[in-house]
Amino acid sequence: MSEVHTGGCQCGAVRYRASKLGRASICHCRMCQKAFGGFFGPLVTGEDIEWTRGERARFQSSNKNWRGFCRDCGTPLTYEHADGIELAIGSLDNPDRAAPVAQTNVAHKRAFFDDLTSIPPVGVEEMDGHDAYNATIKSNQHPDHDTDSWPEDNR
């Protein structure tokens, strides 16, 4: 039996499953940067995608491409083109199943991108404050697995 890959948006209004994941990549084009609000768009090809809760909204980002997202929380979900649908890696319940193996549109890569991993981490003293604050937060984010309903009654 093949492994099923599930995912969805941050608020849980839109959920999906895919029978297979293909090539995972990061795209540096300006449209992906804007669509993801980041330095690149992390995407993986998907096969037999089924929307199991809700429906994605779509924005036609060019004359040939669409971007799927959650209308409620804004989570980027898809990059859609004539050859198929690519899923946003971060929307997968288990993003480790889609480690990028390629970079595309590198001509648009931000000049500082290759140096990001050399940025030093925040110091221990500063992290103590972050940890204390983070301990007070109760997440409303949908868990990384399918649920019968959402939001759950005990939130």
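**Entry 1: a strand pair**

I started at Arg 15, which stands opposite Arg 53 in S5. I count two strands as paired if DSSP finds at least two bridges between them. By that rule, S2 (residues 15–18) and S5 pair in the antiparallel sense over 3 bridges. Strands here are DSSP runs of E with at least two residues, helices are runs of H or I with at least four, and both are numbered from the N terminus.

Before going on, I noted that this is a predicted model, where local features need pLDDT of at least 70 and side-chain atom pairs count only at pLDDT 80 or more, while totals for chains, interfaces and linings use all residues. My residue numbers run from 1 along each chain as its sequence is written, and side-chain values use heavy atoms, with hydrogens and water left out.

Next I followed the sheet around S2. It is an open sheet of 3 strands in the order S1-S2-S5, with antiparallel pairing. Its edge strands are S1 (5–8) and S5 (50–53), each pairing on one side only. Neighbouring strands of this sheet are turned by 30 degrees against each other on average, direction ignored. For that angle, axes are lines fitted to C-alpha atoms, for helices over the stretch in contact, and angles run from 0 to 180 degrees between N-to-C directions.

**Entry 2: other pairings**

I then looked up S3 (residues 20–27). With S4 (residues 41–47), S3 pairs in the antiparallel sense over 6 bridges, and Ala 24 stands opposite Val 44 there. With S10 (residues 102–104), S3 pairs in the parallel sense over 3 bridges; Ile 26 has Gln 103 as its bridge partner in S10.

S6 (residues 57–60) and S7 (residues 66–69) share 4 bridges in the antiparallel sense. A hairpin of 5 residues joins S6 to S7, and Phe 59 stands opposite Arg 67 in S7.

**Entry 3: Ile 85**

I found Ile 85 in strand S9 (residues 84–88). Is Ile 85 buried, exposed or partly exposed? Ile 85 counts as partly exposed because its relative accessibility is 23%; buried means under 20%, exposed over 50%, and partly exposed in between, with a 1.4 Å probe and protein chains only.

Leaving out residues up to four places away in sequence, I see Ile 85 touching Val 44, Thr 45, Gly 46, Ile 49, Arg 56, Thr 78, Tyr 79 and Glu 80. A contact means heavy atoms within 4.5 Å. I also checked Arg 67: it is 18 residues from Ile 85 in sequence and 9.5 Å away in space, C-alpha to C-alpha.

**Entry 4: positive phi**

Asp 48 is not a glycine, yet its phi is positive at about 50 degrees. I located Asp 48 in the loop between S4 and S5, and it is exposed, with a relative accessible area of 61%.

Asn 105 also has a positive phi, near 50 degrees. I located Asn 105 in the loop between S10 and helix H2 (124–134); at 41% relative accessible area, Asn 105 is partly exposed.

**Entry 5: the whole chain**

Last, I stepped back. The protein has 2 helices and 10 strands, and its C-alpha atoms fill a box of roughly 50 × 45 × 35 Å along the principal axes. Of its 155 residues, 33% count as buried. Among contacts with a separation of 6 or more, 59% come from residues 24 or more positions apart.
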